[in-house]
Amino acid sequence: MKLPLSWLQDFVHLSDLEAVDIARLLTMAGMEVEDIQIAGLPMPSRDDHGFKVSGITWDKEKIVVAEISAVNPHPNADRLTLCELFDGQVNHTVLTGAPNLFPFKGLGKLEKPIKVAYAKEGAQIYDGHADGLVLTTLKRAKIRGVESYSMVCSEKELGISEEHEGVIFLDEDAPTGMPLADYMGDAVLEVKINPNMARNANVLGIARELAALTGRELRKPTMDDGQWTDDTVNGLSSLVKIEIANPELNPRFTLGLIRDVEIKPSPYWVQRRLRAAGMRPISNIVDATNYTMLEIGEPLHAFDYDVLVGRVANPSGSVVISTRTAQPGEKLTTLDNVERTLTESNVLVCDSAGPISLAGVMGGAETEVSDKTVNILLEAAAWNFINIRRTANQHNLPSEASFRFSRGVHPDVALDGLKRCLYWMSQWSGGKIAPGIVDNYPLPPKTPVVEITAKDIKRALGVEIPLEKAQELLERLEFACQITNHQLQVTPPPFRMDIGEGIIGKADVMEEIARLYGYDNIPETLMADPLPPQRGNPGLEAENRLRDLLAALGLQEIITHRMTAPEIENRLLPPNSEVSNIEYVKLANAIAPEKRVLRRSLLSSVLNVVERNARLRESLAMFEIGSVYIPNPGQLPDEPRRLSIAITGRRYESAWDTKVGVKVDFYDLKGILEALMDALHLDVTYTPAEHPSFHPGKCAAVVLNGSSLGVFGELHPLVQENYDFVSPVLAAEFDLEAVLAAVPPGYPIRPVSEFPPVLEDIAVIVDEVLPADRVEALIKQTGGKMLESVHLFDVFRSEQIGAGKKSLAYALTYRSYEGTLTDKDAAGIRSRIIKRLENELGAKLRS
Amino acid sequence: MLEKLAQIEKEALESLAAVEDEAALESWRVANIGRSSPVMNVFSQMGGLSKEERPLVGQRANQVKVAIEAAFAEKAAAIKDAALQKSLTGEKLDVTLPGRAFHHGRLHPATQNLRRVLAILAEMGFQVYTSRDVESDEYNFQLLNIPPHHPAREMQDTFYIDTSATDEAEKQVLRTHTSPGQIRAMRQFSAENPDNPPPIRIALPGMCYRFEQITARSEVQFYQVEGLVVGENITLGDLKGTLSEFARRMFGRQAKTRFRADHFPFTEPSAEMDVECFVCGGSGCPVCKKSGWLEILGCGMVHPTVLQNGGYDPARYSGFAFGMGPERQLMLRHKINDIRYIWGNDIRFLEQF
Ligand SMILES: [Zn+2]
C-alpha cells in the first residue's frame with residue numbers, strides 16, 4: 001500500500017521525523033517498507049539510509065506557488081500560450097504548451113487567478129517529455145522567437161505521478177510565493193501489508209501504529225459532522241429499507257443519502273493524494289468513496305439514488321435494498337461494462353427490480369454515479385472475507401475494495417466509513433446529507449476478552465514486563481485494558497478481527513506487546529531447557545555416506561527437477577516399445593507440459609543431464625540420489641529413494657603426450673560399482689539381467705542374498721538413439737532403500753599376516769559360455785584360507801585354444817598366518833585346485 | 001704361472017680404462033671377474049700345481065683378484081657419478097606443461113551448502129528430521145493454522161496433485177515448506193509418551209515447491225531448512241539468542257543480526273531475522289538492495305494451535321521455529337545471479353565447487 005506522509009500527518013505528528021526514520025519504525029514493527037518515493041521533501045540526510053529511496057527534492061527558492069492572471073496567445077505558435085504569472089515577488093511571462101490552459105487563452109485578465117506550481121530558471125525537475133524519469137535543469141532558451149527560462153509544472157515534472165496531460169491547477173487557497181515544498185512536499189512509503197495486518201491497509205491504521213510506536217497522540221477523525229439521528233419525518237429510514245438474507249455472508253449493511261450534489265473534479269489536494277496512493281481521480285463523488293477507503297479502510301459504493309427510484313417506478317421514492325446469493329446463471333453487468341454470469345456462491349446487492357451490485361467486489365453499470373447524478377445513496381457494508389476472496393478470484397476482479405474485503409474488514413468500521421464518506425462528499429460537492437442512517441447489523445462479531453499475567457509475558461517473551469507497562473503499550477493501539485488481581489484483561493478495539501480467544505488470544509496479544517516493546521529490546525538468551533534425547537537420522541547418514549563414496553570414486557553429483565513428463569521418461573525405452581499403462585503422480589496445475597508429472601525414474605533425470613553436457617567434456621560420470629514418486633490410489637504416493645549413475649566418454653582424458661584414449665565400457669561401470677559395494681561391505685554377486693533400457697547382452701543385476709539391489713549396463717542401442725549422446729553410455733539404477741537396508745551396522749576386518757607369500761600364476765582353458773565368476777569361486781573355495789587372493793589378469797582367445805574356448809589366467813597368492821609356506825605346500829593346494837577345475841568345470845590347464 | 005697372473009692383471013686394468021658406460025662395465029665384469037674369467041680360471045687350475053707352487057700362486061692370484069675388483073668398484077662409482085651428473089645437468093622438463101588430468105568427484109553445491117547448515121545446527125543440538133515431498137492439504141496447511149481460503153495459500157503459490165479427493169484435507173500438494181514435518185515430528189514424539197511428551201530440537205531439511213515460472217529469480221523447487229524447538233521454558237529471548245548464535249557460526253563471529261516483526265500463520269509472535277550485509281558491511285550495496293541488511297530467515301514462537309495439533313499442550317509447552325532457504329545463502333556467498341544455475345546441472349557450473 002502506498003502512503004503519502006502528508007496524509008499520515010493528518011492523524012499523527014511526524015514532521016520532525018525523516019521519511020527513512022518512519023520507514024524504519026514501520027519495518028521493525030512488521031509493516032515492511034519496500035520503497036520510498038520522495039516528491040518535494042529533502043532526500044535522507046544520512047548515507048546508511050537502509051531503504052530504497054528515489055525521487056526529487058523541490059528547491060525552496062526555485063520552485064514556488066505562483067498565480068497566472070492571464071493566458072495570452074503566442075505570436076508564432078498556435079499550440080503555445082504565454083502566461084502572465086506572478087511568483088509572489090516578480091511578474092514573469094511564461095511560455096507553456098499545456099492543453100488545460102488553452103480554454104483560458106485570450107480571455108484577458110482572469111477573474112480568479114489560476115494557482116500553479118512554478119519552476120524558476122535553474123530549477124531541477126523531471127523532463128516531462130522523456131520516457132521514464134530524466135532529471136533536467138531549466139535553462140534560458142528562445143522558443144519560436146520568445147524567450148523562455150522557467151516553467152509551469154505538471155505532476156510528472158515534479159515527480160508526483162506519471163500525469164503529463166496538463167499543468168497542475170492548485171487549489172485556490174494555495175498561498176502565492178510559498179515554496180512548493182512547504183505547501184505540498186511529500187514522500188510516499190510503499191508498505192507491505194501482511195494478512196494479519198489487514199486492519200492497517202489504510203492511512204488511519206498506519207498512523208495509529210506510528211502513534212503507538214512513538215508514544216504520540218493519534219488524532220482520530222471526528223465522525224460528528226452529520227445529523228446522524230433520524231428524528232425527522234422525511235428521515236432516511238422512511239425512504240430506505242435493508243433486508244439481509246444471510247447474515248453469515250453479510251453481517252452488516254448501512255446506507256446514507258446525500259442530496260443535490262454537483263458532480264465535478266475533486267479539490268487538487270484530494271486528487272494528488274489519490275494519485276500518490278496509486279488511484280485515479282474520477283469525480284468528487286467517486287473520489288470520496290476511494291479517499292475514505294484509503295483513509296479509514298472501509299470500501300464504499302455510491303448508487304445513483306434517482307436511478308434506483310426509477311427502476312422500481314415508485315413515486316414515493318422508497319427503496320428496498322436486499323442482499324442475497326445469486327441464482328445460478330443470473331446475470332449482472334458490472335460497471336466495467338462486462339456482463340457477468342453468476343454462481344450461487346456470489347452475493348448480490350439488489351433492489352426490488354434485481355441485482356445492482358456484485359457485493360464487495362464491483363458495482364453494477366446501470367446504477368453507477370454519472371455526470372448527471374444529483375442524489376447519492378451510499379453503501380457501507382461488511383462481507384464474509386472468504387466469500388469475497390472466492391468471488392473476486394472467480395470473476396478475476398482484483399480491486400482495492402476486494403483486496404480489503406477479502407482480508408477482512410471489521411463490521412464496526414462500516415458506520416465510520418459511511419459517515420466519513422458522506423462528510424467528504426458534502427465538502428467536495430456541496431451536497432446536503434439527509435438526516436439519519438439506515439443500519440442493519442444482524443451479526444456483530446464476538447468480542448474476545450484475553451487475560452494475561454506477568455508470568456505469561458515472562459514465559460512467552462523471556463523478559464519481565466510489568467502489567468502496567470503492558471497495559472500502557474496496548475492502550476496505545478486502542479485495546480481496552482483493566483488490571484484486576486494481577487491479571488490484565490484485554491479487549492481488542494472494534495476494528496480488529498485478528499485477536500482470538502483463550503490461549504490463542506494470549507499469543508495474539510503477546511505479539512502486540514512484543515512489537516510495541518520492541519523486538520530489539522528483548523534480551524538474547526540461550527535455551528535453559530535440557531537438550532532433548534539425541535536420536536540421529538540413520539537413513540540420512542547412510543545416504544550421505546553413499547554420496548561421499550560416489551564423489552570419492554570420481555562421480556559428479558547432480559540434483560534435478562522432480563517434475564517431468566511421461567514422454568521424457570519414455571525415452572528410456574526403445575522406440576515403438578509397448579508402454580504399459582504407467583500411472584504417474586500428476587500435477588493439477590503444471591507450469592509447463594514438460595513438467596506435468598512427478599518422476600518415476602531417476603535414471604531418466606540423470607540421462608537428461610548427461611545429454612545436455614555430452615559435448616562439453618570428453619568424459620562424464622554423474623550420479624543423483626533422490627526420490628521417485630509412485631502413485632498410491634486414495635493415499636499419499638510412495639516416495640522411494642533411488643540412486644542412479646551414468647558414465648560416458650573417454651576412460652582417460654587426452655593430454656599433450658597421450659592422444660585419444662579408449663572409451664568407457666561395461667567393465668568401467670562395473671569397477672565403480674564393485675568399489676562401491678566393497679566400501680559398503682555388501683557381498684554381492686553380478687548376474688546377467690534383462691532390462692528394456694539396456695543392451696540384452698551387456699546388462700547385469702547386482703544381487704544380494706538372492707534379491708536384486710539394482711541393474712546396470714550399456715544403454716540399448718535403440719535407447720541410445722533416443723538421446724543426443726556422443727559416446728556409448730553406461731548407466732545404473734539402484735533401489736536405495738534396499739541398498740541402505742542391507743548395509744551391515746558393523747564389520748570385522750581380516751588380520752594381516754607377517755609371513756611371506758608364495759606367488760604363482762595358473763591359466764585354464766574353459767568353455768566360452770562359462771561365467772568367469774564360477775572359475776574364481778571354485779578356486780577360492782578350494783584354496784581355502786591359505787589362498788589369500790585370486791586376481792584374473794588375462795582373458796585370451798585364439799585358434800590354438802580352439803573355437804568356443806577361452807583362457808583365463810589368474811595370479812594366486814598363498815599365504816599362511818602360522819608360518820612361511822613352502823613351494824611344496826603351495827603345490828599341494830594348486831594341484832587340488834586344478835583337479836576340481838578339470839572335474840567340475842571341464843577346464844584344462846594351459847601349459 | 002706368476003707371469004701369467006701379472007699379464008692377467010695388466011690386461012684387465014688396461015681394458016678397464018677404456019670402459020665408459022654401464023653396459024661396457026658389465027661385460028668387462030663378466031669377462032674379468034666372472035666365473036670363467038682368466039683370474040678365476042687360475043683358481044680352478046690350482047689343483048694341477050705342485051705343493052710348493054700352490055701357496056705362492058694362490059696368494060698372488062688373490063692379490064690380482066682383489067686389485068681387479070677394487071679397480072672395478074672404483075670404475076663403477078665413477079661411471080655412476082658421471083651418469084648422475086649427466087642426468088642432473090642434462091634432463092630439464094618444461095614444468096609449465098600441464099599435468100595429466102586427474103578427476104575427482106564433487107557433491108552438488110546445494111548438497112555442500114545444505115550440509116554446512118545442518119552441521120552448524122547439529123553442533124547446536126538440532127537433529128535432522130526428514131519427511132515426505134507430497135503432502136496432504138491437512139499437513140501442509142490446515143494443521144499449521146492455514147485454513148482453506150487463508151490469504152497465505154493463493155492457488156498460484158501451490159502445486160496441487162491431480163487426485164479424486166473431494167475432502168479439502170485429503171487434497172494433495174507438493175509441500176510448499178518443510179513445516180508439515182513439524183507436525184509429523186511432534187505427533188511421532190508425543191505419541192511415544194502422550195502424557196509427558198519429550199522436548200524437541202530438530203532441523204527439517206527438504207525440497208519444497210512453489211508454483212512459479214522458472215526465471216533468473218524464481219524456481220519451482222528449492223531446499224528449505226527449518227528448525228523446531230519445543231520445551232517447557234522456551235521464550236522469544238531464546239529464539240533471538242539461538243538464531244543470533246546460528247548466524248555467527250554461519251557468517252562469522254562478527255555477524256550482526258536484527259529481528260523485525262513479520263507474519264507467518266504457524267508462529268506468533270513472528271519475526272524476520274536480518275543479518276548485516278557481509279558484502280558492504282551495512283553501508284548499502286546492490287546485494288542487499290541498499291538496505292544494509294540481508295533477509296536470512298523467518299522465525300517465531302510456535303503458534304498454540306500448531307502445538308496443539310502436534311500433541312503438545314500449549315499451556316505447558318512453548319517453542320520456536322525458523323525456516324531459511326539455503327540456496328539464497330549459496331547465491332550470496334558465490335555471487336550467483338541466476339537461480340537456474342542451481343538445478344541446471346551444467347558441468348561448467350558444477351565443476352567450480
Ligand atoms: Zn550490502
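Predicted model: local features only at pLDDT ≥ 70, side-chain atom pairs only at ≥ 80, totals over all residues.
**Entry 1: the two chains**

I count two residues as in contact when they have heavy atoms within 4.5 Å of each other. With that rule I looked up where the chains meet: 87 residues of chain A are in contact with 100 residues of chain B.

Residues are numbered from 1 along each chain as its sequence is written, chains are lettered from A and ligands numbered from 1 in the order in which they are written, and side-chain values use heavy atoms, with hydrogens and water left out.

Next I looked up the buried area, meaning the accessible area (1.4 Å probe) that two parts lose on being put together, summed over both. Chains A and B bury about 8,100 Å² between them, and 54% of that is on carbon and sulfur atoms.

Then I went for charged pairs. A salt bridge here is a side-chain nitrogen of Lys or Arg within 4 Å of a carboxyl oxygen of Asp or Glu. The rule finds 7 of them across the interface of chain A and chain B. One pair I checked is Arg100(B) with Asp657(A), whose closest N and O atoms are 2.3 Å apart.

I also looked for polar contacts, which are pairs of N or O atoms within 3.5 Å; within protein, one must be able to donate a hydrogen and the other to accept it, and residues adjacent in sequence count only if both atoms are side-chain atoms. Across the interface of chain A and chain B there are 54 residue pairs in polar contact (both at pLDDT 80 or more). Which helix gives the largest share of the side of chain A that touches chain B? I found that helix α13 (residues 502–517) of chain A does, with 8 residues. Helices (H or I, at least four residues) and strands (E, at least two) are DSSP runs, numbered from the N terminus.

**Entry 2: a salt bridge between chains**

I picked Arg132(B) and Glu639(A), which form a salt bridge at 3.0 Å, N to O. This pair crosses between chains: Arg132(B) is in the loop between β1 and β2 of chain B, and Glu639(A) is in the loop between β34 (635–638) and β35 (641–649) of chain A. Are they buried or exposed? Both Arg132(B) and Glu639(A) are buried, and buried means under 20% relative accessible area, with exposed being over 50% and partly exposed in between (1.4 Å probe, protein chains only). I also traced a network in which salt bridges with shared partners join Glu32(A), Lys192(A), Arg258(B), Arg260(B), Asp274(B) and Glu295(B).

**Entry 3: salt bridges inside chain A**

The whole structure has 76 salt bridges over all chains. I looked at Arg272(A) with Asp186(A), where the closest N and O atoms are 3.1 Å apart. Arg272(A) is in helix α5 (residues 268–276) and Asp186(A) in strand β13 (residues 186–191) of chain A, so this pair links parts of the chain 86 residues apart. Both Arg272(A) and Asp186(A) are buried.

Arg515(A) is buried at 4% relative accessible area, and Glu512(A) is buried at 2%.

**Entry 4: Tyr129(B)**

Tyr129(B) sits in the loop between β1 (127–128) and β2 (134–136) of chain B. I looked up its relative accessible area, 13%, which means Tyr129(B) is buried. Its side chain makes a polar contact of 2.8 Å with the side chain of Gln188(B). Leaving aside neighbours within four places in sequence, Tyr129(B) has contacts including Asn537(A), Arg184(B) and Phe189(B).

**Entry 5: the zinc ion**

What holds the zinc ion? I found Cys277(B), Cys280(B), Cys285(B) and Cys288(B), each coordinating through SG, at 2.2 to 2.3 Å. Donors are N, O and S atoms within 2.8 Å of the metal (3.2 Å for Na, K and Ca), and water is not among the atoms, so sites may look incomplete. The donor residues are spaced C-x2-C-x4-C-x2-C in sequence.

Why do I call the arrangement tetrahedral? Because the 4 donor atoms subtend angles of 103 to 112° around the zinc ion, and four donors count as tetrahedral if all angles lie between 85 and 135 degrees. Cys277(B) and Cys280(B) are buried.

Key
Tetrahedral: all angles 85-135°; square planar, octahedral: opposite > 155°, others 65-115°.
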